[in-house]
Amino acid sequence: MKSSDKLLPCILLFAAATFFYACSDKAPQPVSAELVQYHGRSIPAINGTYVPPIVYSPPFSISRNPYWEDGRINYDNFAKAGIDLVEMHIELRNAWNPDGTLNIPMVRHELISTLQGILAINPKTYFQVRLDFHAPYWWLKQYPEERVGYATGPIDFSTANDIVRAPNASMTSERWKEDATQILKQFLDYLNTTDVGQRVYSFMLGGGCGSEWHYFGYKQEPDTGDAMTRYFRRWLSEKYGTDKALQEAWNRPDATIAAATVPDLAERRYNTGVFRDPQKERRIIDYFHCHQKTTEDAIHYFTRFLKENWPRKALVGLFNGYLFYDNDFNANGHLYFDRLLDSPYIDFFAGPYNYSREARDLGGTSQQRALVESVNLHGKLFMTEQDRLLHPITQSRSDEAALKNDDESIATLRTNFAQLVSRASGYWFEEFSSFPGFPPFWQNQPLKEVAGNFNTPAIMAEIKHQKTFCDEMIHRDYESAADVAFFYDFNTYYYMAEGGNLQTREIEHASNNGMISDAYRSGASFDTYLFSDLRRIDLAKYKAVVFGTTYCMSDADMDFINREVKKDGRTVIFTYAPAYTDGDKLDMGRIGKITEMDVRSIQMDTPPMVTVNGRDYGLLSAGLSTNGSIGRVPISPLFAIDDPQVEVLGYYRDSQTAAIAQKKQAGYTVVYSALPLRDPDLMRRLFREAGAHIYSDSNDVIIAGGGIVCLATKEDAGGKRILRLRNGQKVELEMAPASTVILDAQTGRRIFE
């Protein structure tokens with residue numbers, strides 16, 4: 001086919017769209033959308049119709065253009081699959097004139113004409129507009145006192161990479177917020193005058209590094225700039241009121257609020273152990289509380305402004321709440337997530353799923369980044385970015401195994417879908433054809449003869465099946481299948497020394513990623529929550545409760561756990577350093593109090609390893625915990641159990657020093673693991689003895705809830721499987737390696753063939 005023949009359909013589409021919008025005398029009906037609670041789920045209601053939260057999102061791909069052949073093919077494919085929700089992106093700084101006015105021709109070029117072309121392909125489309133509030137380069141040069149400063153070095157004006165020391169506006173800058181909202185107001189007013197603006201049902205607000213509300217340059221230890229220094233002093237004034245109170249808290253007789261500065265790099269990296277001592281490092285703990293609040297302030301400011309300045313009801317959401325596969329918690333900007341959950345201006349939160357090999361390899365968990373059950377508990381919706389690179393394109397990411405064919409791509413998509421169903425969440429299909437930053441974009445590798453990441457008949461048939469299933473599923477009552485609950489605490493991270501600290505990273509990785517990955521292979525179904533939600537949850541359904549990174553507990557927290565969690569025959573599992581600090585001091589004795597075991601401090605000159613039933617595991621694992629991988633550094637502090645009244649379940653390797661033990665009490669059982677709990681077999685034993693339902697003993701990934709049970713096998717793990725449903729029925733399966741099956745939780749029938 002000649003190139004002119006390929007271009008003809010695109011030219012005709014552009015002409016048709018132009019003619020339609022020029023000649024139409026009937027404007028589309030304005031769209032009104034809200035998030036509603038429906039059959040136990042948070043669901044978008046668009047003009048009163050409940051719509052499954054499944055979106056197609058190509059805004060950063062060369063396929064975003066509906067007037068080009070690749071774009072036309074993709075939009076048509078997803079329309080035929082029944083997906084009418086489409087996301088498109090605009091960088092407002094590109095349309096931000098130096099005189100404070102909006103560059104409307106730029107908005108038409110970058111957004112409006114694109115939406116018109118999409119609507120010409122699928123007239124039923126509703127749009128989510130993703131907005132970003134980066135300050136323009138000219139603005140940053142004009143207002144140097146409003147810029148982010150970096151503890152690792154000066155601003156690098158030669159780069160636009162937000163992970164490094166690029167020029168950006170400080171989250172604390174009031175001038176940036178005010179100027180940005182003036183541009184936002186003009187944009188909303190103009191968008192509302194357009195035909196496609198009437199089809200907007202949702203806005204996704206981007207900010208910070210990667211538009212994910214990570215603080216700009218968070219790996220460079222921000223923010224030492226003038227704006228943050230001013231903000232920090234105001235924050236200290238509100239907290240302490242007087243210099244005397246500040247001096248007592250910081251143990252610095254010369255400290256004053258008016259002269260307070262942001263901690264430098266040496267102070268941030270002073271502590272080489274896992275924990276910061278509140279009695280010695282209150283100044284830096286205070287700063288990071290302040291630092292996190294600046295992100296919450298900015299999010300609150302912009303989400304409220306948008307809700308109040310769009311003329312109709314619309315959903316508003318953003319990336320936030322990352323816990324799994326994350327680090328640099330002190331600096332990254334997500335630790336105020338629990339406060340954002342109660343915001344009346346936010347409807348949904350979003351994030352890509354876990355980037356670890358345990359999540360993304362074939363037979364992986366497809367684990368979401370956030371504590372989704374807490375999102376649901378607060379009446380919000382969680383949206384997962386389905387950004388796995390599938391086999392149709394020649395792109396790849398480091399540490400992400402390339403998928404080779406339809407079967408492998410569909411198995412991955414199917415596990416992702418099981419997470420959506422089981423956790424009452426939503427997701428979008430992120431288009432990656434020639435996405436900047438990945439091959440072939442920067443390696444000049446040729447694209448295959450396909451239009452995008454999802455463009456094969458088999459993959460699109462799978463996506464259509466998923467959408468058809470959800471169209472019916474949302475009208476059924478949702479029920480979690482979990483009888484195990486995991487709790488994690490964002491507040492804990494203020495007391496953990498980061499800034500390149502390998503000890504902290506080892507503990508965080510093992511607890512946040514390794515422990516949950518192994519739990520997916522235990523055969524049990526589980527929920528994940530914020531520790532701050534513990535008092536809001538009906539614990540009656542949970543046979544076992546696991547406390548992950550909950551190393552900061554108040555006396556009131558400990559009392560609540562002792563009264564309300566340790567009862568009803570429940571197994572309560574604590575890991576590493578539960579209650580080690582109350583926010584005022586570090587106290588090993590508090591670990592013994594909450595675990596009801598005698599615990600002592602130990603020292604090891606090598607990375608710690610634990611032996612359970614002849615299997616070893618450590619803190620760093622590239623796959624299953626039973627592969628014997630070790631961590632990179634010794635850990636301090638490190639604890640051991642020295643109590644004759646316990647049943648020892650595991651020892652530090654090559655020793656008789658107890659590392660895991662349980663103690664049966666009247667009405668409950670306590671388990672303590674001195675490292676983050678690992679090993680699917682051990683978890684399965686503990687959960688089964690607690691009375692939790694075990695679907696499988698095979699160490700495959702199990703995802704259950706919302707009326708389905710999913711089993712996913714790794715590349716080297718095919719064969720016969722037996723799934724035990726809750727009603728007692730046994731389902732025999734013959735599983736191919738690297739395959740995923742989803743069953744009806746009541747009948748055992750395969751939902752997708």
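Predicted model: local features only at pLDDT ≥ 70, side-chain atom pairs only at ≥ 80, totals over all residues.
1. Ile-722 touches Tyr-695, Ser-696, Lys-730, Val-731 and Glu-732, leaving out residues up to four places away in sequence, where contact means heavy atoms within 4.5 Å. Ile-722 lies in strand β25 (residues 719-724), strands (E, at least two residues) and helices (H or I, at least four) being DSSP runs numbered from the N terminus. With a relative accessible area of 39%, Ile-722 is partly exposed, a class that falls between buried (under 20% relative accessible area) and exposed (over 50%), computed with a 1.4 Å probe on protein chains only.

2. Residues are numbered from 1 along each chain as its sequence is written, and side-chain values use heavy atoms, with hydrogens and water left out.

3. The protein chain has 19 helices and 27 strands. Its radius of gyration, taken over C-alpha atoms, is 26 Å, close to the 27 Å that the globule rule (2.2 Å times the number of residues to the power 0.38) gives for 753 residues, so the chain is as compact as a globular protein of that length. Of these 753 residues, 63% count as buried.

4. Which residues of the largest nonpolar core touch the most other members? Of its 205 residues, they are Leu-131, Phe-187, Phe-203 and Phe-687, and the largest share of this core, 10 residues, comes from helix α9 (residues 282-309). A nonpolar core is here a set of buried Ala, Val, Leu, Ile, Met, Phe, Trp, Tyr and Cys residues joined through side-chain atoms within 4.5 Å. A second, separate core of 18 residues includes Ile-46, Phe-319, Phe-348 and Trp-428.

5. Gly-705 is found in strand β23 (residues 701-705) and is buried, with a relative accessible area of 2%. Apart from neighbours within four places in sequence, Gly-705 is in contact with Val-421, Ser-422, Glu-479 and Ala-481. Asn-416, which belongs to helix α14 (residues 406-422), also counts as buried, at 5% relative accessibility, and with the neighbours within four places again set aside, Asn-416 is in contact with Tyr-353, Ser-366, Gln-386 and Tyr-427.

6. Some backbone features deserve a careful look. Most residues other than glycine have a negative phi, and most peptide bonds are trans. Trp-213, however, has a positive phi of about 60 degrees although it is not a glycine; Trp-213 is found in the loop between β7 and α6 and is buried, with a relative accessible area of 1%. Ala-738, likewise not a glycine, has a positive phi of about 55 degrees, and Ala-738 is found in the loop between β26 (730-735) and β27 (740-744).

7. Two cis peptide bonds can also be checked in the model. One joins Pro-222 and Asp-223, with omega about 5 degrees, and Asp-223 is found in the loop between β7 (200-206) and α6 (226-240). Another joins Ser-636 and Pro-637, again with omega about 5 degrees, and Pro-637 is found in the loop between β18 (615-617) and β19 (638-641).
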